[in-house]
Amino acid sequence: MADDNDTVIAPGNIRVRGIRSAVLTGDFIARIERMFQRMAGRGSSPIAFDAGREMGLRLVTEGLEASLDEAGSFLSETNVGTLTVVSLDTGHKGGILRVEDSFFAVSFLEHAGESQRPVCDYLRGLFAGVFEGHYHERFLCLERRCAARGESACEFSIYPSHPV
Ligand SMILES: [Zn+2]
């Protein structure tokens, strides 16, 4: 029996963690990102970051590692990418995460060519949201490698907005 918060992916009924969803093609995502980059230079970063953060907060469960497992499941089930936790530094409340085959990066590369800047702002927000939900303080997330720039995978550094 499907729960209200389940992910259901069936023709005519797509819900992601209870949120009604639709399939967007990669060329559409790339077009939006390219338009934002032309208009504002920074791409879609503030909007996408905020949307990712909201989803990250929803994925938080008991414990940081379990919450990151949940984030990994979410990214796999929605075909957005494959998450690997490279390292966690619980002392400094930070971590390094890697995403292979990011939908945002691969779509940009395929439909708009190599990007000058990282494009996975939704993922930056999502990871910041998971850490925020766990530690109850705001986090920043830097995408220091991005497949849209021709690098092999996307890599993210997460750290508190106000480091201790
Ligand atoms: Zn990326």
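**Sheet and overall shape of a predicted model**

User: Which order do the strands of the open sheet have?

Analyst: In this predicted model, the open sheet of 3 strands has the order E1-E2-E3, with antiparallel pairing; two strands pair if DSSP finds at least two bridges between them, and strands are DSSP runs of E with at least two residues, numbered from the N terminus. The edge strands are E1 (8-10) and E3 (19-20), each of which pairs on one side only.

User: How many bridges join E1 to E2?

Analyst: There are 3 bridges between E1 and strand E2 (residues 13-16), and these two run antiparallel; in E2, Asn13 is the bridge partner of Ala10.

User: What about numbering and confidence cut-offs?

Analyst: Residues are numbered from 1 along each chain as its sequence is written. Local features need pLDDT of at least 70 and side-chain atom pairs count only at pLDDT 80 or more, while totals for chains, interfaces and linings use all residues.

User: Switching topic, what pattern does the protein follow along the sequence?

Analyst: The pattern reads β-β-β-α-α-α-β-β-α-α-β-β, which comes to 5 helices and 7 strands, with helices taken as DSSP runs of H or I of at least four residues.

User: How much counts as buried?

Analyst: Of the 164 residues, 34% count as buried, that is, with 20 or more other C-beta atoms, placed from the backbone, within 10 Å of their own.

Conventions: A residue is buried if 20 or more other C-beta atoms lie within 10 Å of its own, exposed if 12 or fewer, and partly exposed in between; C-beta atoms are placed from the backbone.
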